[in-house]
Amino acid sequence: MTVLPLYNVILVPESNLYIQTDSYKRMTGVDPQVQERLILVAEKEKKSRENLKEEDLYPIGLAGIITEVNSNGYMVIRTKKRADITDLTIFSDHTISVTANKREDIESEPVDEEEERKRLDKLKKAIVEYASRFQWGSLTRTYIAQLSSISEVAAVMSPWLYNSPIDRYEILAEDDKNKRIDRLEKMIYENIEMSKIGTEAATAQEEDYQKIYRESALKKQIQYMQKELDDMHPENVSDVRRFEIAIDEAGMNPEAEKEARKVLNRLKQEGQNTPESGSLYDYLDFVTSLSWKKEEQKNIDLDEAQKVLDEDHSGLKKVKERIIQQVAVMNFKQQQSGSILLFVGAPGTGKTSIGKSIARALGRKYVRVALGGVRDEAEIRGHRRTYIGAMAGRIMDGIRKAGVSNPVMVLDEIDKLSNSYNGDPASALLEVLDPEQNNTFTDHYMNVPYNLSDVMFICTANSLDTIPSPLLNRMEVIQFQGYTPIEKKQIARDHLIPKAYEKVGIKPEQLVISDEIIDTIISDYTMEGGVRGLKKRIDTLCRVAAVELQRNHKDCVTVEKEKLRDYLDMHPMHNNKVKEKGKAGIITGLAWTAAGGAILYIETLMTKGKGKVTVTGQLGDVMKESTQIAVSLVKALYPSKSELFEKNDIHIHFPDGSTPKDGPSAGITLVTALSSLVSDTPVTPQVAMTGEVSLNGSVNPIGGLPEKLMAAQRAGVKHVFIPEENMDDLRDVAQEVKDALEITPAKEITDVLGALKIPVENPKLKNE
Ligand code: ADP
């Protein structure tokens with residue numbers, strides 16, 4: 001008879017035991033045979049067959065018979081009655097032999113079958129209910145249902161029970177059958193309860209995770225409710241809370257958000273009303289009022305844009321054309337900014353106001369940043385926050401004012417930037433305008449990058465001379481030449497007068513300003529390339545009319561030419577007009593200045609002396625050189641007068657020296673003035689000229705021709721000499737100006753002198 005040692009199995013009589021065929025073989029050393037009778041003995045601890053000793057086995061066993069060996073690797077043993085093991089020997093080949101006697105049960109009370117069935121059903125129910133918590137639970141239901149006794153249930157459940165080997169053996173050792181069943185029942189119920197606690201613990205852990213999710217959901221809910229409350233009572237929202245919301249909603253880049261939260265935490269710790277809190281507050285106020293969101297790229301209709309530009313400004317055809325090109329390129333490239341435009345021209349020519357108009361045409365915000373007089377780098381790039389009273393620079397301040405990340409920003413008077421010991425503002429501007437760098441422009445005050453690449457920059461300047469070349473190289477220059485009288489009249493009619501009426505609040509029918517009046521204002525009361533003065537005069541007329549309308553209870557005021565002087569309360573600028581009669585040695589020159597074109601009279605005089613040359617007036621070094629060239633040239637033109645030059649001093653004066661003139665282009669004027677002096681030939685001031693002259697007498701080209709010719713026309717000049725090489729530039733000059741002037745090209749200085757009938761001794765300029 002085979003002895004089968006088993007570990008941790010509940011051995012109950014009259015039940016089925018399912019075990020793996022392999023473990024049977026391991027523990028017995030033989031293959032299972034159906035119908036084979038067995039003695040099952042319980043091990044005190046788990047041992048292999050080789051190490052098993054007699055004392056490792058409990059003394060009460062169980063008889064059994066193999067009823068099934070299936071192909072799934074399992075076998076079924078039907079257990080019978082209990083047995084007392086009286087003699088047990090383990091041989092050296094590990095086979096076990098036993099002597100066993102049947103051990104009878106005691107039945108203290110007769111088993112109440114009905115009662116036992118109820119108990120069995122209840123137990124099965126408890127097991128099924130418990131198992132239903134698990135995925136495999138539904139499988140057990142049918143299986144458990146087939147079991148016909150509590151013992152069988154216990155045998156089936158055996159592998160899942162927590163109980164120790166001794167607990168299990170004690171059930172086998174229990175002689176009273178009823179008690180044994182009671183114990184089994186109790187053991188199963190206990191196990192179910194223990195499992196429940198285990199599962200509850202596991203569930204509790206799961207709940208911990210759930211708690212985290214719940215917590216974040218709750219937080220979100222609180223935030224939402226807080227926001228609702230804030231919206232309902234904005235007056236109660238604290239600064240800290242306000243900044244918290246603003247930071248959450250601003251859409252800042254990660255660096256900026258990190259910095260803002262850091263400062264906010266400092267503000268929380270500092271509390272309010274401490275010295276530090278003020279600057280923290282200012283910082284947060286600044287960064288949260290910037291727009292950090294990328295604005296949508298809009299496709300601009302070119303015709304619409306043109307319409308807007310035409311509405312706001314008369315004339316400026318070329319400028320508008322260039323702007324439309326820029327818009328077209330931006331549409332194509334899907335960019336919000338393109339090349340940086342630099343508008344150069346005299347004051348009042350519409351440079352700044354067209355910037356505003358461009359913004360309107362593009363449907364974007366407009367902001368103007370004045371750069372005139374900026375000499376400190378920090379004004380562009382901001383002060384570091386460690387300074388007391390630190391502020392952001394003008395660029396970021398402009399962005400804040402605009403309230404968007406893609407405004408049209410006009411950097412006004414870029415030629416008026418100056419340098420100082422506090423760094424070079426131009427180099428800071430270079431960074432602002434450099435498309436490679438300006439997407440991470442870092443203002444010192446903000447200390448975090450901001451993307452300026454969507455900003456459309458437009459710069460304005462009166463003159464290119466003072467703009468540092470690295471800055472100039474970044475920009476595309478567009479010239480604003482100034483307006484002719486006819487253009488000015490048009491601007492006055494279409495724009496300045498309607499705006500002035502509106503500003504003063506009078507109706508067009510209450511004030512009549514005739515075309516003749518406008519012409520007179522333009523010719524006699526202004527002397528400018530732009531329309532600033534004209535605008536001021538018109539504004540004055542409107543204010544004076546407003547007083548007259550009220551004081552004299554009039555319905556309408558008509559401005560009369562005779563009264564114009566009184567109305568405007570100024571002298572006509574007749575003395576700025578050229579006279580008819582000239583004197584020897586005085587010639588009208590044409591100059592280009594930052595305020596547009598201007599005329600200037602070059603005066604020369606000879607006094608007894610020793611051949612000294614004195615130059616007065618506000619002059620640059622270039623001008624001094626030009627005078628030396630001119631003097632040498634004149635000496636060469638009049639070889640017989642060498643004594644005159646030796647025994648006299650020459651004084652050259654540039655009156656109206658308040659505007660710095662451009663030097664070389666006065667060359668031919670100087671030579672002509674000196675020649676006129678030497679030959680004692682007066683020239684009418686109504687002849688004007690511009691041109692550089694070389695030592696061999698040839699006339700070289702100059703710049704700013706349109707502005708100069710307009711100035712000539714304004715001043716009443718009739719005839720001008722210009723370098724022959726500049727004749728091409730006449731394309732850019734308004735027809736009206738060309739009609740008003742006789743324009744003579746000059747190749748050699750002798751062409752000019754000849755035309756003016758100034759006698760010359762040595763026209764070929766040969767050395768003698
Ligand atoms: P700038 O910036 O060149 O000094 P502004 O843009 O300040 O000149 O212009 C001065 C005034 O003249 C503004 O009121 C502007 O509207 C007006 N103005 C200048 N040019 C024109 C024009 N072509 N059409 C209509 N108004 C003009």
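**Conventions for these views.** Helices (H or I, at least four residues) and strands (E, at least two) are DSSP runs, numbered from the N terminus. This is a predicted model, in which local features need pLDDT of at least 70 and side-chain atom pairs count only at pLDDT 80 or more, while totals for chains, interfaces and linings use all residues. Residues are numbered from 1 along each chain as its sequence is written, and side-chain values use heavy atoms, with hydrogens and water left out.

**View A. Gln-334 in a loop.** Start with the loop between helix 11 (317-333) and strand 7 (340-345), where you will find Gln-334. The phi of Gln-334 is near 55°, a positive value in a residue other than glycine. Is Gln-334 buried, partly exposed or exposed? Its relative accessible area of 48% makes Gln-334 partly exposed, given that buried means under 20% relative accessible area, exposed over 50%, and partly exposed in between (1.4 Å probe, protein chains only).

**View B. Asn-447 in another loop.** Here the loop runs between strand 10 (441-442) and strand 11 (449-450), and Asn-447 lies in it. Asn-447 has a positive phi near 65° and is a residue other than glycine. With 44% relative accessibility, Asn-447 counts as partly exposed.

View C. The ligand is surrounded by 19 residues, and the closest are Ser-314, Lys-351, Thr-352, Ser-353 and Arg-532; a residue is near a molecule or strand if one of its heavy atoms lies within 4 Å of it. Polar contacts are pairs of N or O atoms within 3.5 Å; within protein, one must be able to donate a hydrogen and the other to accept it, and residues adjacent in sequence count only if both atoms are side-chain atoms. From a side chain, an N or O atom of Lys-499 is 3.4 Å from a ligand oxygen. Taken alone the ligand exposes 560 Å², and the protein buries 90% of that (Shrake-Rupley method with a 1.4 Å probe; for residues, only the protein chains shown count as cover). Which elements give two or more residues to the shell around the ligand? They are helix 12 (351-362), helix 17 (485-504) and helix 19 (532-551).

**View D. Helix 24 and the glycine after it.** Helix 24 (residues 705-714) is largely enclosed by the rest of the structure, because ten of its ten residues are buried. Just after helix 24, Gly-716 takes a positive phi of about 85°.

View E. Ala-636 is found in helix 21 (residues 621-637) and is partly exposed at 29% relative accessible area. Its C-alpha atom is separated by 9.9 Å from that of Val-760, 124 residues apart along the chain. Tyr-567 has its place in helix 20 (residues 564-568) and is buried, with a relative accessible area of 9%. The C-alpha atoms of Tyr-567 and Arg-537, 30 residues apart along the chain, are 9.2 Å from each other.

**View F. Cysteines.** How many disulfides does a search of the whole structure find? The search finds zero, a disulfide being a pair of cysteine sulfur atoms within 2.5 Å. For Cys-556, the nearest cysteine sulfur is that of Cys-542, 12 Å away. Cys-556 counts as partly exposed at 33% relative accessibility, whereas Cys-459 counts as buried at 0%.
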